[in-house]
Amino acid sequence: MEKILHNITENVDTVDIELLKQLVKKLRPTMFRSNKVIIKRVNKLIELLKENEAYQKGLNRYLNTIFSSSDSHSLLTESGILSSEGFFSESFRKVAHIFLPPVPQENVLRDIVNMVFNKKSDYIWLKTIPTKLLEELLITIFQHPSEETTTKNFTTLLNAIEILIHRVTAIGLDPEIIKRHPDLLNPESPFLVVNKEVIDLLQNIESSGNFSINTEKLKHCVALIKECDQVAKKIRNNQHNEGASLALTYLLQRMHQHLIRILTLLEILSHFENKEKWKPISVFLKNIVQYENKKNSIKELFLKNIGFLAFQITEHAGKTGEHYITSNKKEYIKMLYSAMGGGFIVAFLTWFKAAIYYLKLAPFGESFLYSMNYSFGFIGIHLTHSTLATKQPAMTASKIAASLDIKGSVEEAIKNLSALIVKTFRSQFVAFVGNMFVAFPVAITIAIIYYWIVGSHILGDAKAFKIIENLHPWESFSLLHGAIAGLCLFLSGIISGYYDNAVMFQKVPERLKHQPFLKFIMPKSWLNKLSYYIENNLGSLAGNFFLGIFLGSMGTLGHFLGLPIDIQHVTFASGNFGLSLVSVGSQIDFMTFVHTVIGIIGVGFMNFTVSFGLAIFIAIQSRRVAFNKTGLLLKYLLMHLFTKPLEFLFPPEENTEEVENEGLEEKSED
């Protein structure tokens with residue numbers, strides 16, 4: 001380190017950043033070194049600079065030479081801030097830069113930061129340096145600034161703030177924002193007022209000639225900036241009721257980043273003539289390195305923008321499916337009857353699917369008819385208020401994730417979560433029972449009646465044996481196919497939430513009421529009822545329709561790709577097994593029957609586990625809930641299992657759970 005400082009002292013007027021890269025490399029810890037090593041190295045550098053004034057002055061002049069010869073505007077106004085190109089253009093740019101990075105320029109400070117902190121993990125060790133220690137290092141290096149350098153840096157700060165405030169005003173007056181908050185076009189709009197006030201503040205500072213800042217004006221500008229951020233927050237919160245879009249979410253995120261950057265630069269500006277400025281500069285330096293290390297991160301872009309949109313979608317999906325969680329005996333019985341209705345409809349769908357199979361159509365035609373059979377069948381289940389087992393988890397996951405988000409102790413939240421999981425498991429169990437114990441006998445009845453009338457079985461022997469063979473738990477791909485069906489169920493839940501969100505954001509019900517053709521052919525009362533129905537059911541209808549397409553076309557996709565891709569759903573498997581038994585029941589032995597039943601149960605388990613696991617993962621990620629209490633959750637679930645095992649399958653005699661969690665649910669709603 002001392003040798004590097006000596007070389008820097010000998011080459012103070014150079015703009016070659018190689019020496020600076022070597023100095024940072026000396027500070028950078030190896031992969032397996034502790035944080036104490038980093039702190040020790042920074043302390044050593046401070047000690048060397050304090051002991052040798054030549055080193056201090058040399059490093060000061062060397063860094064000032066680099067700063068004065070490079071453009072710092074892009075670092076101050078663009079680093080860590082989303083571009084104006086939009087989400088998809090930004091995504092494509094990041095991907096392109098991963099494979100073909102832009103050529104760095106040594107006269108641009110932002111590129112210099114990238115070249116010096118060229119390891120993608122540099123921000124991690126830099127964050128571990130205490131802010132006070134980094135502040136001390138900067139004070140030690142720059143304790144004798146030149147007047148010329150100070151003036152240039154001050155002017156650069158003023159220019160950066162001016163650029164940023166103009167951009168904030170432009171974003172605040174964007175049509176997407178105005179559509180949600182028309183009052184922003186008024187002359188008293190905070191985005192117009194803040195622009196005037198900040199520019200006035202900057203002009204006063206510049207005209208003073210001695211870096212003096214009007215404290216009252218500064219406080220007023222800070223208050224206006226925070227007011228603008230509150231407006232953005234209000235629009236963001238209103239998306240819960242009005243729906244969300246990727247474009248609006250992106251704009252609001254970009255606006256927030258600009259406002260935070262202005263506040264940071266104003267804080268540095270306000271303490272520019274004293275040592276207090278180094279604290280915000282130290283924090284800013286850490287953040288800048290993190291921004292640059294992650295500037296091509298697709299994950300970071302996803303979390304900042306898609307995360308909030310996903311939250312809205314899962315929230316709407318959760319609202320659609322809240323009735324799928326049973327809390328008491330009355331709701332449990334209602335779910336059982338609802339699931340029995342779903343099983344009854346599925347039994348007929350299995351018959352229709354068998355009929356389509358024997359049409360021997362081309363792959364596309366067969367896939368299309370399979371899809372329509374599933375889609376309209378699922379829509380029929382929805383219209384009759386019936387229930388399809390395993391569809392609930394994709395809908396209820398956001399409610400479970402919300403239980404982690406309540407105010408109160410962590411232990412209280414985990415206890416609430418465990419109780420909710422028990423309810424969901426119990427609800428899923430009764431849905432399984434209702435579906436299977438109706439689909440199976442009804443399918444058998446249909447097959448017997450068909451045989452009496454037609455004189456032949458619905459399924460030929462070859463097809464029946466193939467169905468039974470494909471349900472074997474370990475000699476077939478039944479569990480894999482159950483997992484694929486679980487993925488389809490999860491996607492259908494997301495699609496339901498997407499359309500529920502789109503209905504509100506696009507104001508579909510209001511637009512339907514003003515549709516000229518509908519107004520011409522329908523009485524106003526009918527049109528109002530149609531609009532109301534679409535508002536409350538479009539998500540479910542779309543989710544069911546797409547679920548049918550997923551399930552109906554997956555086998556054809558697997559055949560086209562030459563991969564073992566297909567679907568197995570527990571209710572359809574039960575119905576298909578019923579049809580097969582009528583055809584070849586006398587030809588199968590007892591163990592084959594047992595293996596098939598185990599396979600059907602395994603398929604149901606995979607349907608539930610995959611759809612529920614994916615849905616709750618997305619729900620938790622979209623809410624950005626930090627969940628690291630798996631052990632505590634398992635403890636409560638095991639305690640519940642050992643003390644009240646029957647509650648995993650049947651509702652409690654007294655509704656103690658509802659009373660116990662009522663207060664917690666009220667807190668989560670707050």
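**Helix packing and salt bridges**

Mentor: Helix H2 (residues 18-27) packs against helix H4 (residues 53-68) at an angle of about 120°, and their axes are 11 Å apart. Helices here are DSSP runs of H or I with at least four residues, numbered from the N terminus. Axes are lines fitted to C-alpha atoms over the stretch in contact, and angles run from 0 to 180 degrees between N-to-C directions.

Trainee: What does that angle make H2 relative to H4?

Mentor: The angle makes H2 oblique to H4. Angles under 35 degrees count as roughly parallel, over 145 as roughly antiparallel, 65 to 115 as roughly perpendicular, and the rest as oblique.

Trainee: What should I know about the source of the model?

Mentor: This is a predicted model, in which local features need pLDDT of at least 70 and side-chain atom pairs count only at pLDDT 80 or more, while totals for chains, interfaces and linings use all residues. Residues are numbered from 1 along each chain as its sequence is written, and side-chain values use heavy atoms, with hydrogens and water left out.

Trainee: How many salt bridges are there?

Mentor: The count comes to eight salt bridges, each being a side-chain nitrogen of Lys or Arg within 4 Å of a carboxyl oxygen of Asp or Glu.

Trainee: Which residue forms a salt bridge with Asp122?

Mentor: Arg28 does, with the closest N and O atoms 2.7 Å apart. Asp122 lies in helix H8 (residues 122-128) and Arg28 in the loop between H2 and helix H3 (35-51), so the pair ties together parts that are 94 residues apart in sequence.

Trainee: Is Asp122 buried or exposed?

Mentor: Asp122 is buried, at 0% relative accessible area. Buried means under 20%, exposed over 50%, and partly exposed in between, with a 1.4 Å probe and protein chains only. Arg28 also counts as buried, at 15%.

Trainee: Where do Arg110 and Glu78 lie?

Mentor: These two form a salt bridge, the closest N and O atoms of Arg110 and Glu78 being 3.5 Å apart. Arg110 is in helix H7 (residues 109-116) and Glu78 is in the loop between helix H5 (73-77) and helix H6 (87-99), so parts 32 residues apart in sequence are tied together.

Trainee: What about Lys295 and Glu292?

Mentor: Their side chains meet in a salt bridge of 3.8 Å, N to O. Salt bridges that share partners join Glu78, Arg110, Glu292 and Lys295 into one network.

Note on methods:
Helices (H or I, at least four residues) and strands (E, at least two) are DSSP runs, numbered from the N terminus.
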